[in-house]
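Here is a short tour of one protein model, written for someone meeting it for the first time. Have a look at the sequence and the fold, then read on.

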Amino acid sequence: MKNTQIYPVIKIGDDYFSTNNTTFEGNYCKPILLNIPSIKQSVDIESRKFKISNVSLDLSNFTVNDERFSDRLSTSSLINTEVIIYFVHHDTSEEVYKGQVRRISHNDEKVKVELEDLTQQKINKDLPSENLPDTNSVPDKYKNSPIPMVYGHVEKSPVVA
C-alpha cells in the first residue's frame with residue numbers, strides 16, 4: 001500500500017504555516033494550521049457570472065516558539081497581505097491558490113483568516129479607447145465610448161458602420 005499523504009502549506013507574507021511540523025523550501029512551517037483549506041470556484045456559463053473564491057483558514061492561537069499568532073496583529077494588520085496555498089506530497093509541491101487577506105478575527109484559542117482570490121483584479125481590464133487605427137472614420141457619437149467585441153462566429157452580429 002502506498003503512502004499518499006498530502007498536506008497544505010500556507011505562506012502569509014514571509015511566514016509559513018502547516019498542519020505538519022515541517023520545512024518547505026528551506027523555511028520552517030509553524031504547525032498551527034487547524035484545517036485543510038477548502039477551495040471552490042464556479043463559473044455560470046449561462047448567466048456569464050464568475051464567483052470569486054473565498055477561503056477560510058483556522059490557525060491555532062496557542063503559544064508556539066514564545067509567540068501567539070494574534071501577537072503579530074499588534075504590529076501589522078495583515079489585511080491585503082498576499083497568501084499562497086501549496087499542497088505538498090513528499091518532495092513535490094503545487095501552488096493551488098493565491099489570494100489576499102480580507103478579514104481576521106480571533107479569540108484566545110483560534111484565529112480565523114478569510115482570504116479572497118486575486119481573480120477579480122486580473123480579469124477586470126479597461127480597454128483603451130484611444131489608439132484606434134483611424135479615428136477620423138469613426139462617427140463622433142461613437143468616439144470615447146466602449147468598443148464592443150464579439151468572440152467566435154455570430155450570425156448577423158451588429159457592426160458599427
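Gln-100 sits in strand 9 (residues 92-106). Strands here are DSSP runs of E with at least two residues, helices are runs of H or I with at least four, and both are numbered from the N terminus.

Is Gln-100 buried or exposed? Its relative accessibility is 15%, so Gln-100 counts as buried. The cut-offs go like this: buried means under 20% relative accessible area, exposed means over 50%, and partly exposed is in between (1.4 Å probe, protein chains only).

## What kind of model this is

This is a predicted model, where local features need pLDDT of at least 70 and side-chain atom pairs count only at pLDDT 80 or more, while totals for chains, interfaces and linings use all residues. Residues are numbered from 1 along each chain as its sequence is written, and side-chain values use heavy atoms, with hydrogens and water left out.

The predictor's confidence in each residue is called pLDDT, and it runs from 0 to 100. The mean for the protein is 81, and 81% of its residues reach 70 or more. Where pLDDT is low, the predicted coordinates should not be read in detail.

## The overall layout

The protein has 10 strands and one helix, and along the sequence they follow the pattern β-β-β-β-β-β-β-β-β-β-α. Of its 161 residues, 27% are buried. The accessible surface comes to about 12000 Å², with 47% of that belonging to carbon and sulfur atoms; such areas come from the Shrake-Rupley method with a 1.4 Å probe, and for residues only the protein chains shown count as cover.

Contact means heavy atoms within 4.5 Å. Among contacts between residues at least 6 apart in sequence, 49% join residues at least 24 apart.

## Strand 8 and its partners

Two strands pair if DSSP finds at least two bridges between them. Strand 8 pairs with strand 1 in the antiparallel sense over six bridges, and eight bridges join strand 8 to strand 9, again antiparallel. Ile-84 of strand 8 stands opposite Lys-11, and Ile-84 also stands opposite Lys-98 in strand 9. Strands 8 and 9 form a hairpin with two residues between them, and His-90 in the turn has a positive phi of about 55°.

Ile-6 lies in the segment before strand 1. Leaving aside neighbours within four places in sequence, Ile-6 is in contact with Phe-87, Val-88 and His-89. The C-alpha atoms of Ile-6 and Phe-87 are separated by 6.4 Å, though these residues are 81 apart along the chain.

## Aromatic rings

How many aromatic pairs does the structure hold? There are three. Rings of Phe, Tyr and Trp (its six-membered ring) pair if their centres lie within 6.5 Å; planes under 30 degrees apart count as stacked, over 60 as edge-to-face and the rest as tilted. Phe-17 and Phe-69 have ring centres 5.5 Å apart and planes at 75°, so this pair is edge-to-face. Phe-17 lies in strand 2 (residues 15-18) and Phe-69 in the loop between strand 7 (54-60) and strand 8 (82-89), so the pair ties together parts 52 residues apart in sequence. Both Phe-17 and Phe-69 are buried.

The rings of Phe-24 and Tyr-86 have centres 4.8 Å apart and planes at 45°, so that pair is tilted. Phe-24 is in strand 3 (residues 22-24) and Tyr-86 in strand 8, so parts 62 residues apart in sequence are tied together. Phe-24 is buried at 5% relative accessibility, and Tyr-86 is buried at 10%. Together with Tyr-16, Phe-24 and Tyr-86 form one aromatic cluster.

Lys-30 lies in strand 4 (residues 27-30) and is buried, with a relative accessible area of 17%. Its side chain makes a polar contact with the side chain of Glu-67 (2.8 Å). Pro-31 is in the loop between strand 4 and strand 5 (42-44), and at 34% relative accessibility Pro-31 counts as partly exposed.

Notes. A polar contact is a pair of N or O atoms within 3.5 Å; within protein, one must be able to donate a hydrogen and the other to accept it, and residues adjacent in sequence count only if both atoms are side-chain atoms.
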